[in-house]
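Take a walk through this protein with the model open beside the text.

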Amino acid sequence: MALLNLNDVTISYGQPPLIDGISLSIERGERVCLIGRNGAGKSTLLKVIVGLIKPDDGVRKVEEGLVVAQLEQQVPVGLTGSVFDVIAAGLGSEGELLQRYHALTHAMAEGDFSDATMAELERCQSALDDCNGWDTNQRVESIVTKMELDAEADINALSGGYKRRVLLARALVRNPDLLLLDEPTNHLDIEAIQWIEQFLLNWHGSLLFISHDRQFMENLATRFIEIDRGQLRQFDCDYATYLVRKEEQLETEAKQNALFDKRLSEEEIWIRQGIKARRTRNEGRVRALEEMRREHAERRKVTGSAKMTIHEGGRSGKLVSEVNDISIAFGDKQVVNGFSTLIQRGDKIGLIGRNGVGKTTLLKAILGDLTPTSGSVRCGHNLQIAYFDQYRAALDEQRTVQDSVADGRDMLDIGGKQRHVISYLQDFLFDPKRCRQPVSALSGGERNRLLLAKLFAQPSNLLVLDEPTNDLDIDTLDLLEELLINYPGTLLLVSHDRAFINNVVTSSIVFEGTAEQPGQVNEYVGGYDDWLRQRDYAAASAPTAKPAAKAKPAAPTASADKPKKRSYKEQRELDSLPADIEAAEQAIAALGEQMSASDFYTQPREQIAATEAELAAANAKLEALFQRWSELEP
């Protein structure tokens with residue numbers, strides 16, 4: 001039996017229903033990703049599963065004794081206490097006993113041996129004995145150790161990433177059969193995202209999560225469920241295959257709608273032909289037309305995609321920013337140490353690093369808004385900067401949506417053409433009624449879209465985007481990616497979305513400082529995955545012998561510069577690699593064409609799985625060939 005079943009569940013806050021007669025089952029051990037546009041009903045569906053919302057119609061069935069735990073999208077306001085206290089709070093009355101026992105033992109460790117403390121401790125121990133609370137205490141201590149947390153740390157002193165880790169521990173300490181996660185990677189840095197990803201891969205419970213982080217979904221999900229126009233569509237495949245199947249479904253739906261509309265048009269012409277259309281013998285055809293009209297009226301069309309465009313400014317000079325050996329320190333904290341770079345017109349640069357490491361500070365220095373402790377920065381001429389702030393400080397909570405973009409005007413100059421502000425905002429998926437509401441009424445995704453609308457209405461040749469992807473749905477992310485790739489100006493991007501960085505940037509500035517060497521910042525060609533390859537290759541190539549003392553650069557010696565001579569066998573292998581790589585790429589292309597055929601997924605599951613395994617093996621072989629090529633090349 002499935003852990004949970006929803007049968008013909010409907011939830012309506014008006015017409016059309018938000019969730020319209022959907023059915024869903026979740027099996028033990030599954031990791032299911034729930035996908036959908038902003039406002040499609042994903043969070044509402046989670047609340048139905050938890051039992052916080054009772055559906056208007058349909059049945060929710062759960063396995064007897066099912067334990068469901070949820071990690072919500074936002075860190076709760078007013079969270080206080082130690083890490084131990086916050087985790088134990090997830091256990092109800094037993095957790096309260098544990099919190100009290102923990103506080104008393106801590107007080108005794110500090111030297112409080114008063115009669116009142118000893119008496120309270122004795123009562124607390126007795127109550128824990130009665131409810132078998134010692135096993136529960138062991139669970140809390142175990143999860144604290146497993147998740148690498150400090151039990152005594154104050155929750156308010158932790159970073160956002162560690163707060164999310166503590167809240168995840170609070171959910172997991174209940175030993176849930178089903179764990180629900182709502183945007184678990186939002187506002188986390190890459191290191192924290194990878195930690196949660198690896199932890200969940202090794203966790204053996206069932207998981208249902210909402211995410212727009214494509215790399216996170218691809219690495220974690222075993223099944224995808226999409227909520228679209230009130231309906232659920234299920235995809236038992238990986239993310240890349242989901243994209244192919246989704247496109248095929250939309251194409252089929254569009255063709256069927258076009259045929260239906262053509263028949264409806266023909267019947268409308270017939271009904272207007274006059275008296276012969278109303279003869280008794282044609283009443284069935286008239287009734288059929290009325291049914292077609294009703295069906296057409298009730299059709300829920302695909303939600304429109306954003307139509308964002310960037311208002312390009314004048315051409316900047318070739319030089320955007322020249323950074324020469326800058327260091328930035330705040331007291332004893334070294335943020336940047338001896339960093340240099342040259343940014344030219346058209347460069348697209350990503351900044352990678354942990355939260356709080358100094359990415360925004362370095363951005364300000366590059367733009368000339370912050371004077372470094374040492375070194376120099378020279379900015380270019382005719383720079384028109386548009387800045388996207390991760391904290392949305394550019395948005396006034398009390399102003400309406402349209403005033404936030406147009407400052408009280410009705411018309412905007414976009415690309416040399418006059419456009420009404422409402423029409424412009426509709427391109428960013430804002431309904432006209434929504435345009436007249438205050439910013440304070442907007443969701444996180446809507447605020448991000450509004451800030452992008454405000455940003456792109458300004459003429460610019462230098463875009464600075466600090467965490468632009470938080471809360472955006474996948475379709476909007478894809479469009480934003482395409483815009484930035486084709487943007488002719490210069491881009492400085494701070495993001496923790498690995499796929500977004502890989503797809504957009506041409507080089508990466510990475511914060512690699514350690515406790516021993518703080519403030520180390522290095523630049524690499526390519527995106528996030530390119531940095532990983534270059535970093536790992538440099539680490540593998542580093543000499544194991546003790547390095548000599550650092551001296552002034554001297555002419556390289558023959559032994560230092562001369563590459564290691566390849567053996568005859570290695571040379572033959574190198575010569576054959578291009579042909580091997582081409583053959584591997586052709587095999588992958590053939591498999592991809594086979595899997596994209598419309599009838600591929602009508603085969604038995606075993607044949608589909610065999611083909612998917614063959615494709616995975618072919619990709620692994622190609623990766624190994626490229627790795628070997630890099631090893632043999634000088």
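By class, how many nonpolar, polar and charged residues does the lining of the largest cavity have? The lining has 4 nonpolar, 8 polar and 5 charged residues. Here Ala, Val, Leu, Ile, Met, Phe, Trp, Tyr, Cys and Pro count as nonpolar, Asp, Glu, Lys and Arg as charged, and the others, Gly among them, as polar.

A word on the source. This is a predicted model, in which local features need pLDDT of at least 70 and side-chain atom pairs count only at pLDDT 80 or more, while totals for chains, interfaces and linings use all residues. Residues are numbered from 1 along each chain as its sequence is written, and side-chain values use heavy atoms, leaving out hydrogens and water.

Back to the cavity. Rolling a probe the size of a water molecule over the atoms shows where empty space is left. A cavity is a set of points, on a 1 Å grid over the protein atoms alone, where a 1.4 Å probe fits but cannot get out; lining residues have an atom within 4 Å of a point. Points are joined across faces, edges and corners, and the volume is the space filled by probe spheres set on them. The count is 1 cavity of 30 Å³ or more. The largest cavity holds about 140 Å³. Of its 17 lining residues, T185, N186, T469, N470 and D497 lie nearest the centre.

Now the overall fold. The protein has 21 helices and 20 strands, taken as DSSP runs (helices H or I, at least four residues; strands E, at least two) and numbered from the N terminus. Of the 634 residues, 44% are buried (under 20% relative accessible area; exposed is over 50%, partly exposed in between; 1.4 Å probe, protein chains only).

Next, the rings. There are 8 aromatic pairs, meaning Phe, Tyr or Trp rings (six-membered ring for Trp) with centres within 6.5 Å; planes under 30 degrees apart are stacked, over 60 edge-to-face, the rest tilted. F209 and F216 form an edge-to-face pair, 5.6 Å centre to centre with 85° between the planes. Both residues are buried. Elsewhere, ring pairs link F224, F235, Y239 and Y242 into a cluster.

Last, the backbone. Most residues other than glycine have a negative phi. D325, in strand β10 (residues 319-330), has a positive phi near 50°. E467 also has a positive phi, about 55°, and sits in the loop between β17 (462-466) and α16 (474-486). Are these two residues buried, partly exposed or exposed? D325 counts as partly exposed because its relative accessibility is 48%. E467 counts as buried because its value is 5%.

Technical notes. On a 1 Å grid over the protein atoms alone, a cavity is a set of points where a 1.4 Å probe fits but cannot get out, and a pocket is an open set with protein on both sides within 12 Å along at least five of seven lines; lining residues have an atom within 4 Å of a point.
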